[in-house]
Each structure stands twice: as C-alpha cells, then as structure tokens.
Amino acid sequence: MTAGTTLMNGTTAEHELAALQREHGRPLFALLLRLCDGDRQRAEDLVQETLVRAWQHPEALRAENFDSVRPWLLTVGRRLAIDARRARQARPAEVGDAVLENARVASDHAERAAAALDVREAVKTLTPEHRDVLVLVYFQGASVAEAATALGIPPGTVKSRAYYALRALRRVLPGYASDMR
C-alpha cells in the first residue's frame, strides 16, 4: 500500500489493512522479532498493535510526501517494541510454571517444631554416654577435642560414640534418615 491509496471516509477499510499487512507485514515482523529477542508471540502482538495504530491514524498513511508507508510502520513498530521492553524492565520478571515447580519449598514453622520434638524424644532413648556426646558435639557445637576434655574420655571414643548415637537415631527416626546424613 502506498501513500497514494484512497481511504474511505478518513478510515481504512478492512481490505486495505489486509493489503497493508500483506505488503509490509513480513519486514515489520522481522524487525520486531529482532527487537523482541526472538519472542515470536511478542513480535506478533507488536505487529498487530502497529497495524491498529495505522488504522487509528489514516492521515499518516495518506501523506503525499513519501512513496511508501513502510518507514512509518517500521518506526511505529520500533517505538512500540522499545516501550514494551521498558515496561517489562520496570516491573518484576515474570515467572513461568516451570520455575515455580522447581522452586525450593521452605518448610513451615510447625513442621520444624514437630521435627524438633521428634528428635528430642529420640535423643531421650539413647544411652547417657551417647546422649552426652551428641549434645556436646551436635547441639552445642563443641569440637571433638573439646567434648573429649569435657567428658574426660579420649577423642576416638567421642567419635565412635557420636557415630553410634547417630546410627541409633536413624533407626528411631526413619522418616528423617535422609536429613541426617
């Protein structure tokens, strides 16, 4: 469609818009696809919006001072793409379903409290020797040497008691075994 195309009553008819799209749609789509980083759906939406603008401003299509309306269409499309990019950058990134499915789920406070109660009850089932080592090393953060000094036993004994205490807890807490490795 050239600038000399006759417009009916100041508005473009449907067939004229279809001709406009046939003649300039591919180059417009190619430009917008590059500006949209290969997002075909967004580029198609922008082509459609550009043609809506052409329909809303038939006076731009009738201007006698240029041979083709293509430069006007490409300029409008480019400006729409720039506006769309700025709008996307101004708001938080969109999250797809795949991202949500792979997102790590944080356990709630009730689950942690229930797990702490279960562990507390399980620790009570240990022998006092194993419990003392476990409390010092795992709950109070003492090193093996510090626990050995505090309990008056060799460091190797602290290590073996900690090993057997954890092993006993795994048997008592089968649902938590994967968390305790």
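## Aromatic pairing

The predicted model contains one aromatic pair, where rings of Phe, Tyr and Trp (its six-membered ring) pair if their centres lie within 6.5 Å. Y163 and Y164 form this pair, with 5.0 Å centre to centre and 80° between the planes. The geometry is edge-to-face (planes over 60 degrees apart; under 30 is stacked, the rest tilted).

Y163 has 47% relative accessibility and therefore counts as partly exposed, as does Y164 at 44% (buried is under 20%, exposed over 50%, partly exposed in between, with a 1.4 Å probe and protein chains only).

## Packing of α1 and α2

Helix α1 (residues 14–35) and helix α2 (residues 40–56) have axes that come within 9 Å and cross at roughly 140°. The two helices are therefore oblique to each other (angles under 35 degrees are roughly parallel, over 145 roughly antiparallel, 65 to 115 roughly perpendicular, the rest oblique).

Contact (heavy atoms within 4.5 Å) involves L17, L20, Q21, L28, F29, L32 and L33 in α1, which meet α2 residues including R40, A43, V47 and W55. By class, the residues of this contact comprise 12 nonpolar, two polar and two charged.

## Packing of α2 and α4

α2 packs against helix α4 (residues 70–90) at about 125°, with the axes 9 Å apart; α2 is therefore oblique to α4.

## Basis of the model

Residues are numbered from 1 along each chain as its sequence is written, and side-chain values use heavy atoms, with hydrogens and water left out. In this predicted model, local features need pLDDT of at least 70 and side-chain atom pairs count only at pLDDT 80 or more, while totals for chains, interfaces and linings use all residues.

Conventions:
Axes are lines fitted to C-alpha atoms, for helices over the stretch in contact, and angles run from 0 to 180 degrees between N-to-C directions. Helices (H or I, at least four residues) and strands (E, at least two) are DSSP runs, numbered from the N terminus. Ala, Val, Leu, Ile, Met, Phe, Trp, Tyr, Cys and Pro count as nonpolar, Asp, Glu, Lys and Arg as charged, and the others, Gly among them, as polar.
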